[in-house]
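Hello,

Here is the structure you asked to look through. My notes on what was found in it follow below.

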There are 2 protein chains.
Amino acid sequence: MNTTLRGPSGMTKHNLADTIALLARTPAALDAFLRDLPAAWTLGNEGEGTWNVSEVIAHLNHCERSDWITRAKIILQFGEARTFDPLDRAGHAREVQGKTLAQLLDEFARLRSANLDELRTQNLHPGQLELRGSHPAFGVVTLSELLAAWAVHDLTHLHQISRIMAHQYREAVGPWSAYLGVLHCNGSSS
Amino acid sequence: MNTTLRGPSGMTKHNLADTIALLARTPAALDAFLRDLPAAWTLGNEGEGTWNVSEVIAHLNHCERSDWITRAKIILQFGEARTFDPLDRAGHAREVQGKTLAQLLDEFARLRSANLDELRTQNLHPGQLELRGSHPAFGVVTLSELLAAWAVHDLTHLHQISRIMAHQYREAVGPWSAYLGVLHCNGSSS
């Protein structure tokens, strides 16, 4: 029996417990997949101006420090009265400097765990999820949308990591490339 | 220092140790991400005729039984003389029946581990990777291409899983959908 609430088109509405369940698992999943993986998978990017796997994890760490929980607290404290600071899209460049992938993964696990502790401590009730904030590009957003986007942001970067890694074997797979959807993905990764 | 061999366009050539390193990690990564995840993430698909997360894992299990290692052994035993059997694209339907996601994940870990043991036992030398086989759709393929495709097939389905899960929150993220690449992916998933 599926009692999950559905939105107008049959898709799932935001549910805080579901969001936290996903956010809590991402660090362990990335760790299991990436730690000690050969450099052939983790050093390559998708070409000029694109990120390698370490840079993606550094971006996630930057967002743990500056984006999601920071903005959630701005909504709870100031509502629409204080527009979020724009996110520094080059923040990953500072985060990655001098760090191994293993260190970046450790940091991601630590930051995420602390941020989820902070979110749980807020003990949000359903009414608070409808509180509104002010996004520098989108205008009015809700806390619910922000938290849902935090989870889908993890999925966007898992999606990107699988695409970056697949790119390293683009030629090696020969004719199989026709059947391998990840080699035909044009989803942007920001 | 990156001493990885590069193909003509700068991308990585197939390397058996790299392939095995990736293939060995996928079950634990999927387990860490998916086990006990709320049904809102794992029961939903992307619409009529598409797969949910359990069906993807069932497909991976079907391929562990019938595709990659089976075909590698056909190449090693018969070369081009014996064309591979076509893969049953509905094989996942039998694999998924009556099983929980946790059972499917356990099965994936067990099948993959046994198949990698079998691959390592072959103790393939570089010359053998150039052995040729006959694919029912592509014609001549090499063992190297087959093994590289096995790894990228994992990445294709990790990519697909992240896209399926993101789809469940397509509406919940509100205006953030503009920034979330996984919601704009058109990569096919077969």
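**A buried glutamine**

The side chain of A:Gln168 has a polar atom 3.0 Å from the backbone oxygen of A:Asn45. This is a polar contact, which is defined as a pair of N or O atoms within 3.5 Å; within protein, one must be able to donate a hydrogen and the other to accept it, and residues adjacent in sequence count only if both atoms are side-chain atoms. A:Gln168 sits in the segment after α8 (143–167) of chain A. Is A:Gln168 buried or exposed? A:Gln168 is buried, at 2% relative accessibility. Buried means under 20% relative accessible area, exposed means over 50%, and partly exposed lies in between (1.4 Å probe, protein chains only).

Before you read on: the model is predicted, so local features need pLDDT of at least 70 and side-chain atom pairs count only at pLDDT 80 or more, while totals for chains, interfaces and linings use all residues. Residues are numbered from 1 along each chain as its sequence is written, chains are lettered from A and ligands numbered from 1 in the order in which they are written, and side-chain values use heavy atoms, with hydrogens and water left out.

**Chain A**

Chain A has 8 helices and 2 strands; helices (H or I, at least four residues) and strands (E, at least two) are DSSP runs, numbered from the N terminus. Their order along the sequence is α-α-α-α-α-α-α-β-β-α. The C-alpha trace of chain A spans about 55 × 45 × 30 Å along its principal axes. Chain A has 190 residues, and 55% of them count as buried. Take the contacts (heavy atoms within 4.5 Å) in chain A between residues at least 6 apart in sequence: 73% of them join residues at least 24 apart.

**The nonpolar core**

A nonpolar core is a set of buried Ala, Val, Leu, Ile, Met, Phe, Trp, Tyr and Cys residues joined through side-chain atoms within 4.5 Å. The largest one holds 111 residues, and those touching the most other members are A:Leu34, A:Ile57, A:Met165, B:Leu34, B:Ile57 and B:Met165. Leaving out residues up to four places away in sequence, A:Ile57 touches A:Leu30, A:Leu34, A:Leu101, A:Leu104, A:Leu105, A:Phe108 and A:Ile161.

**Where the chains meet**

Chain B and chain A each put 74 residues into the contact. About 6200 Å² is buried between them, with carbon and sulfur atoms giving 68%. Buried area is the accessible area (1.4 Å probe) that two parts lose on being put together, summed over both. Of the area that chain B buries against chain A, 13% comes from B:Tyr169, B:Trp176 and B:Tyr179, more than from any other three residues.

Between chain B and chain A, 15 residue pairs are in polar contact (both at pLDDT 80 or more). On the side of chain B that touches chain A, α8(B) gives the most, with 17 residues.

**Two residues with positive phi**

A:Asn123 is not a glycine, yet its phi is positive, at about 50°. A:Asn123 lies in the loop between α6 (101–122) and α7 (126–129) of chain A, and is exposed at 63% relative accessibility. B:Asp36, also not a glycine, has a positive phi near 65°. B:Asp36 is in the loop between α1 and α2 of chain B and is exposed, with a relative accessible area of 65%.

Regards
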